[in-house]
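Here's a quick tour of a few local features worth a look. Have the viewer open and follow along.

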Amino acid sequence: MLQGEHMGMTLTVLDLDTQNLGYFGHCADHAFHLQQCAKCDLLHYPPTTTCPFCGNPEQKWTPVEGKGTVYSYAEVHHAIQPGFKGHTPYMVLLVELDTQKGKPTEHDALRVVGNFVTPDGEMAPPEMVRTICSGSRMRMVFKDVSEGLSLPMWTLDETADQPATPWRYAQE
């Protein structure tokens, strides 16, 4: 079992959840891996017992570069969890990975969810939140929450070209 505290919440991955134990085991090493189907060869997220595209139960863990583009986002202004209240507004990002882009289709690509954070893994402050838009280029960072448990999160990729004409929901 993996367990840790993050922003006032207890996070637990039980021993019988072998897919998430595998996923978070790689994250603990600050290495991003996803399951890859042994039959159709497609990567997928989140971890599952079978391939969501062809139903094959045979999977292998494959290293994946944690870089991509913001596909969509939610800007949270009313935190439900008490530990997040001091960090509003914060962002939850859906990032389309560069790896396997457009497969199996342009509508069903490889996308990974995570909080938007500073490069050192802290929740991004409001002035940073206001700069992120659909199309922003991101890279993955890991936040250690306990021995053996790290969370994958997203920060701005400072080395990448950012969109010239960003799209955002209307600002306050």
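## A loop, a strand and a sheet

Leu16 sits in the loop between β2 (9–13) and α1 (18–28); helices (H or I, at least four residues) and strands (E, at least two) are DSSP runs, numbered from the N terminus. Residue numbers start from 1 along each chain as its sequence is written. Keep in mind that this is a predicted model, where local features need pLDDT of at least 70, side-chain atom pairs count only at pLDDT 80 or more, and totals for chains, interfaces and linings use all residues, while side-chain values use heavy atoms, with hydrogens and water left out.

Now compare two residues. Buried means under 20% relative accessible area, exposed over 50%, and partly exposed in between (1.4 Å probe, protein chains only).

| Residue | Relative accessibility | Class |
|---|---|---|
| Leu16 | 73% | exposed |
| His6 | 8% | buried |

So what surrounds His6, beyond its neighbours within four places in sequence? This residue of strand β1 (residues 2–6) is in contact (heavy atoms within 4.5 Å) with Leu11, Lys143, Val145, Leu151 and Met153.

Then there's an open sheet of 3 strands, antiparallel in pairing and ordered β4-β3-β5. Its edge strands, β4 (43–44) and β5 (59–63), each pair on one side only; two strands pair if DSSP finds at least two bridges between them. Strand β3 (residues 33–37) runs antiparallel to β5, and 5 bridges join them.
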